[in-house]
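Please look over the sequence and the model before reading on.

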Amino acid sequence: MTTAGEDLIRRMVAGDRDAFSRFYDRYSPLVFPLILKIVRDRADAADVLQDVFWESWQGAAGYDAQRGTPEAWMIMRARTRAIDRIRAVRRRGETFVPPVDEGLAPAPPEPGGDAAERAEDRGVIRTALETLPHAQRQVIELAYYAGLTQTEIAERLQQPLGTVKTRIRLGLERLREVVRRAT
Amino acid sequence: MNDHETYETLAAVYAVGALDGDDLARFEAHLAEGCDRCEAIVRESREALARMALAATPSVPPPDVRAALQARIDAAIRPSARASRRGWLTWAAATAAVVALAVMLASGIVASRYEAQLGQIARDTAKEREQLQRAEATLRTQLAALELLRDPETRVIELRSPSSNALARVIWNDKAGGHLLVANLPAAPEGKAYELWALGGPAPRPAGLFQVGSDGRAAQKVEAGGEPAKGFAVTLEPAQGVPVPTGPIVLASK
């Protein structure tokens with residue numbers, strides 16, 4: 001079965017600009033919060049967002065539906081580019097600020113009839129992350145949002161490397177379980 | 001923790017992008033060997049993390065990003081599309097022109113070559129046909145002369161030159177006419193021809209104009225003239241011939 005997102009990507013491969021505009025309108029509000037959460041600066045986040053969508057336009061042919069949904073594809077790209085940005089900042093010696101959940105500009109009501117359903121899923125999954133034991137949630141957030149490696153996390157938390165690995169594994173098992181149940 | 005559980009742990013850390021050092025090398029080697037279980041953990045973990053990220057409240061990015069991207073795509077697509085379209089047209093036109101020229105040249109060359117060949121063949125054929133016709137005429141003349149020689153009435157009259165080794169013979173039959181055969185006679189000058197005269201009547205009777213080939217030879221049929229001929233003579237005359245001899249006698253019978 002082809003989803004609307006996959007269809008848009010296929011049209012982008014063919015050079016369809018309108019498909020790209022629709023793809024952007026559909027996915028940018030979903031990936032922008034992640035980028036903003038990682039880079040923590042709205043202007044930087046806007047730059048990264050532009051790069052991510054530019055790459056999606058140029059690399060649309062590289063999308064493989066077998067390996068994930070368009071959402072996961074874009075989130076992976078957004079996360080990777082955003083982490084690249086903060087790692088570059090870190091290399092320049094600027095102080096790394098650990099991620100903190102903060103209020104993001106709320107999105108206008110989503111078009112489409114599945115808004116409520118999506119919001120419900122979102123609520124379930126967000127709740128899942130929030131209900132993880134703090135230790136598991138912390139390592140996942142430091143890895144995923146702050147781009148820290150297992151060694152860096154172990155140093156930061158003053159924990160043995162094996163403990164960090166195990167926490168990540170247990171946290172992701174839980175997260176996978178929640179997603180499996182929600183879909 | 002058994003051996004594969006260690007990999008499953010690394011798979012989770014890998015999925016969240018935190019694997020580093022020896023662990024990273026070890027796990028990538030394990031993945032490269034083809035472990036469906038670990039691949040599934042990585043894929044499902046990434047999908048779950050994406051869902052987690054997507055679970056954040058959507059936030060509309062600054063509108064200038066959309067505008068900037070569209071401008072960027074326009075800049076990337078349009079000039080290249082236009083250029084490539086123009087390029088394609090130019091290429092197509094150039095190619096078409098080259099092809100057309102090549103076809104024209106090739107067909108022209110082929111046509112002119114064939115025309116030349118056909119023309120040459122036609123000319124050769126015409127020349128050969130002409131030669132053949134001459135040969136046939138000569139053969140008919142010679143056969144007729146031979147046939148004439150069977151006739152007891154037929155005489156061979158020899159004509160000689162007073163000043164050269166030119167020689168002619170007339171195979172003559174008063175009823176059937178005869179044939180003139182010439183050898184060693186120089187070609188007639190421009191505007192001149194040799195004229196044969198039958199002697200024996202009250203005056204020389206014109207018996208035909210002839211030219212001599214580069215080989216000094218000539219062969220010609222001579223029509224019967226009613227009166228028996230006693231001898232023959234050849235004079236050099238104007239090319240259109242004359243009714244009575246005016247030029248010098250070149251050959252004459254005794």
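Among contacts in chain A between residues at least 6 apart in sequence, what percentage join residues at least 24 apart? The share is 65%. The complex shown here is a predicted model, to which the predictor assigns an ipTM of 0.80 and a pTM of 0.54.

**Chain A**

- Chain A contains eight helices and zero strands, and its pattern along the sequence is accordingly written α-α-α-α-α-α-α-α.
- Chain A has 183 residues, of which 37% count as buried.

**Chain B**

- Starting at the N terminus, the order of elements in chain B is α-α-α-α-β-β-β-β-β-β-β-β.
- Of the 254 residues in chain B, 23% are buried.
- In chain B, 57% of the contacts with a separation of 6 or more are between residues 24 or more positions apart.
- The average pLDDT of chain B is 83, and 83% of the residues score at least 70.

**Where the chains meet**

- On the side of chain B, 39 residues are in contact with 54 residues of chain A.
- Three helices of chain B each supply at least two residues to the side that touches chain A: H1 (3–15), H3 (36–54) and H4 (63–150).
- H3(B) gives the most to this side, with 12 residues.
- Sorted by class, the side of chain B that touches chain A comprises 23 nonpolar, seven polar and nine charged residues.

- Helix H6 of chain A spans residues 134–144, and its buried residues are A:Gln136, A:Val139, A:Ile140, A:Glu141, A:Leu142, A:Ala143 and A:Tyr144.

**H6 and H8 of chain A as a packed pair**

- The description of two packed helices uses the angle between their axes and the distance between the axes.
- For H6(A) and H8(A), the angle is about 95° and the axes are 8 Å apart.
- The two helices H6(A) and H8(A) are therefore roughly perpendicular to each other.
- H6(A) contributes A:Ala135, A:Gln136, A:Arg137, A:Val139, A:Ile140 and A:Ala143 to the contact, while H8(A) contributes A:Val164, A:Arg167, A:Ile168, A:Leu170, A:Gly171, A:Leu172 and A:Arg174.
- The contact of H6(A) with H8(A) has eight nonpolar, two polar and three charged residues.
- A:Gln136, A:Val139, A:Ile140 and A:Ala143 take part in this contact and are among the buried residues of H6(A).

**H1 and H2 of chain B as a packed pair**

- H1(B) packs against helix H2 of chain B, residues 21–32, at an angle of about 105°, and their axes are 10 Å apart.
- Because of this angle, H1(B) is roughly perpendicular to H2(B).
- From H1(B), the residues that make the contact are B:Tyr7, B:Leu10, B:Ala11 and B:Tyr14; from H2(B), they are B:Asp23, B:Phe27 and B:His30.
- By class, the contact of H1(B) with H2(B) consists of five nonpolar residues, one polar residue and one charged residue.

Note on methods: Residues numbered from 1 in each chain as written. Chains lettered and ligands numbered in written order. Predicted model: local features only at pLDDT ≥ 70, side-chain atom pairs only at ≥ 80, totals over all residues. Helix = DSSP H or I, 4+ residues; strand = E, 2+ residues; numbered from the N terminus. Buried ≥ 20, exposed ≤ 12 C-beta atoms within 10 Å, placed from the backbone. Contact = placed C-beta atoms within 7 Å. Nonpolar A, V, L, I, M, F, W, Y, C, P; charged D, E, K, R; others polar. Axes fitted to C-alpha atoms, helices over the stretch in contact; angles between N-to-C directions. Parallel < 35°, antiparallel > 145°, perpendicular 65-115°, else oblique. pLDDT = per-residue confidence, 0-100.
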